[in-house]
Amino acid sequence: MELQTMVTMLAEGFLKSVAIFSLTLLGSLPLGLLVAFGRMSKFKPLQWIVKFYISVMRGTPLMLQLMVVFFGPHYLLGIQTGSNYRFVAVIIGFVLNYAAYFAEIYRGGIESMSVGQYEAAEIMGYSKAHTFVRIILPQVIKRILPSITNEMITLVKDTSLAFAISYAEMFTLAKKIASSQSTLMPFVIAGVFYFIFNYVVAFIMERVEKKMSYYR
Amino acid sequence: MSNILTMNNIQKSFGELEVIKDISVSIKKGDVLSIIGPSGGGKSTLLRCAAMLETINGGSILYGDKKAAWTEDNGKVVYAKGKDMKEIKNYFGLVFQNFNLFPHFSVLKNITDAPLRMQKRNKDEVMSEAEVLLDKMGLKEKAGAYPYQLSGGQQQRVAIARALALKPQILFFDEPTSALDPELTAEVLRVIRQLAEENMTMAIVTHEMNFARLVSDHLIFIDGGVIVEQGSPDAVLGNPQMERTKAFLNKLEQ
């Protein structure tokens with residue numbers, strides 16, 4: 001197989017990796033915030049459920065979670081899943097997993113805010129929703145940005161775990177090509193792709209951080 | 001003249017600790033009340049109860065003739081709700097010891113955001129009022145600055161402007177200069193004094209005795225959760241009657 005063919009094939013897989021990455025962020029960043037609210041809820045049963053959810057998501061391998069999401073409906077519930085469920089399962093698994101991590105990052109950020117900010121907002125007549133959206137959240141985002149960047153970089157590499165349920169993203173393809181052609185080349189190319197992807201992610205996040213550095 | 005704020009038989013405990021045992025105090029329109037006393041005596045807590053940042057365990061709070069909180073026959077304290085509470089909260093402003101400005105807002109936005117967003121007032125009006133306030137605070141050229149770029153004294157003056165922009169009937173100060181150097185303290189006190197001359201109704205928790213003597217119409221000395229002594233500032237500070245007041249004032253002079 002020519003190198004060019006290999007790169008073209010892997011590039012296709014790369015687009016799928018990018019899709020996993022993007023959709024995971026799109027789903028898990030907002031969901032993580034909701035989970036964080038549940039985790040900080042004064043309603044104890046909700047807090048326990050969310051705590052349990054977080055500990056399962058963080059305490060078991062993502063690969064295993066993907067398998068459960070993919071095979072679970074069929075083996076546990078007897079549901080016949082459609083042909084495009086493979087991709088859906090990947091996204092569900094990733095979103096649920098990353099939401100748990102993001103939730104804890106949000107929680108750390110929210111709890112680091114001083115009571116004074118809430119009190120000042122309350123005295124000035126801000127509603128609870130306004131206080132959170134206008135006063136607290138912007139400051140929290142600035143504080144947690146480095147941790148979010150960290151998770152995003154991990155996520156780029158984690159997309160390769162979709163190979164566990166044979167979803168044809170870049171790593172799955174690389175493995176296939178490598179074994180059929182008996183060469184390490186696909187792995188080298190995939191590695192370069194991952195590295196460049198992460199370089200871009202880090203670069204963009206650095207810009208975002210800079211943009212938010214107009215205040216302390 | 002009518003009372004802006006009336007607090008009757010206030011009680012407040014944190015768990016087992018009774019911080020305010022039984023305090024009644026009222027403030028007339030245009031008056032300045034200073035609250036002095038040792039740390040842990042309950043003076044800040046009293047102010048925070050008035051500002052609804054703490055919930056009282058007994059007694060009643062009135063703003064004008066509006067009931068903000070009262071104790072029912074069964075001993076349960078009830079607070080006003082909904083629209084009533086919103087109206088009451090418009091009555092007062094509070095200046096904190098550590099300013100609590102919003103760091104991600106510019107000076108101007110700190111002052112105008114709440115009047116615009118929460119009071120939904122006319123933009124031109126709010127903007128021109130903010131300019132006047134900044135000028136009055138001697139911060140005209142700092143409108144675009146962010147809080148971290150300001151000295152403590154400047155930050156506190158922004159905080160005062162921010163509170164005034166909401167047009168409160170009464171302004172509370174919770175140890176407004178305790179986080180400041182003596183030099184910066186002076187500029188903040190000057191502003192408060194100016195407000196007193198303009199007949200702004202204020203209640204000030206402070207450790208600055210000379211200042212209290214200068215600006216206040218009435219002074220209360222709180223210790224152990226009760227008012228130990230009260231009266232005109234000259235009387236309480238110049239000629240205290242109670243042993244605890246004397247001891248406290250003597251300690252300050254050392």
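This is a predicted model: local features need pLDDT of at least 70, side-chain atom pairs count only at pLDDT 80 or more; totals for chains, interfaces and linings use all residues.
Good morning. In chain B, 62% of the contacts between residues at least 6 apart in sequence join residues at least 24 apart.

Chain B has nine helices and eleven strands. Its C-alpha trace spans about 50 × 45 × 35 Å along the principal axes. As for the radius of gyration, a compact globule of 254 residues would have a value near 18 Å, and chain B agrees, since its own value is 18 Å. Buried residues account for 43% of the 254 residues in this chain.

Let me turn to one residue of chain B as a local example. B:Arg213 lies in helix H7 of chain B, which runs over residues 209-215. Leaving aside residues up to four places away in sequence, B:Arg213 touches B:Pro233, B:Asp234 and B:Leu237.

I now move to chain A. Its secondary structure consists of eight helices and zero strands, and the pattern along the sequence reads α-α-α-α-α-α-α-α. The C-alpha atoms fill a box of roughly 70 × 45 × 25 Å along the principal axes. Of the 216 residues in chain A, 31% count as buried. Among contacts in chain A with a separation of 6 or more, residues 24 or more positions apart account for 77%.

Again I select one residue. A:Phe87 is part of helix H4 of chain A, residues 85-111. With 18 C-beta neighbours inside 10 Å, A:Phe87 is counted as partly exposed, because buried would require 20 or more. A:Phe87 and A:Phe195 are 108 residues apart along the chain, and their C-alpha atoms are separated by 23 Å.

Next, a helix pair in chain A. Two packed helices are described by the angle between their axes and the distance between the axes. How do H5(A) and H6(A) cross, and at what angle? Their axes come within 11 Å and cross at roughly 135 degrees. The two helices are therefore oblique to each other, since only angles over 145 degrees would count as roughly antiparallel. The crossing of H5(A) and H6(A) is right-handed. On the H5(A) side, A:Gln117, A:Tyr118 and A:Ala121 take part, and they meet A:Thr131, A:Ile135 and A:Ile136 of H6(A). By class, this contact comprises four nonpolar, two polar and no charged residues.

That brings me to the contact between the chains. How many residues take part on each side? In chain A there are 15 residues in contact, and in chain B there are 19. On the chain A side, the elements giving two or more residues are helix H5, residues 115-123, and helix H6, residues 128-158. H5(A) gives the most, with five residues. Sorted by class, the chain A side has eight nonpolar, five polar and two charged residues.

Technical notes. Residues are numbered from 1 along each chain as its sequence is written. Chains are lettered from A and ligands numbered from 1 in the order in which they are written. Two residues are in contact if their C-beta atoms, placed from the backbone, lie within 7 Å. Helices (H or I, at least four residues) and strands (E, at least two) are DSSP runs, numbered from the N terminus. Ala, Val, Leu, Ile, Met, Phe, Trp, Tyr, Cys and Pro count as nonpolar, Asp, Glu, Lys and Arg as charged, and the others, Gly among them, as polar. The radius of gyration is taken over C-alpha atoms; the globule rule is 2.2 Å times the number of residues to the power 0.38. A residue is buried if 20 or more other C-beta atoms lie within 10 Å of its own, exposed if 12 or fewer, and partly exposed in between; C-beta atoms are placed from the backbone. Axes are lines fitted to C-alpha atoms, for helices over the stretch in contact, and angles run from 0 to 180 degrees between N-to-C directions. Angles under 35 degrees count as roughly parallel, over 145 as roughly antiparallel, 65 to 115 as roughly perpendicular and the rest as oblique. A crossing is left-handed if the near helix is turned anticlockwise from the far one by less than a right angle, and right-handed if clockwise.
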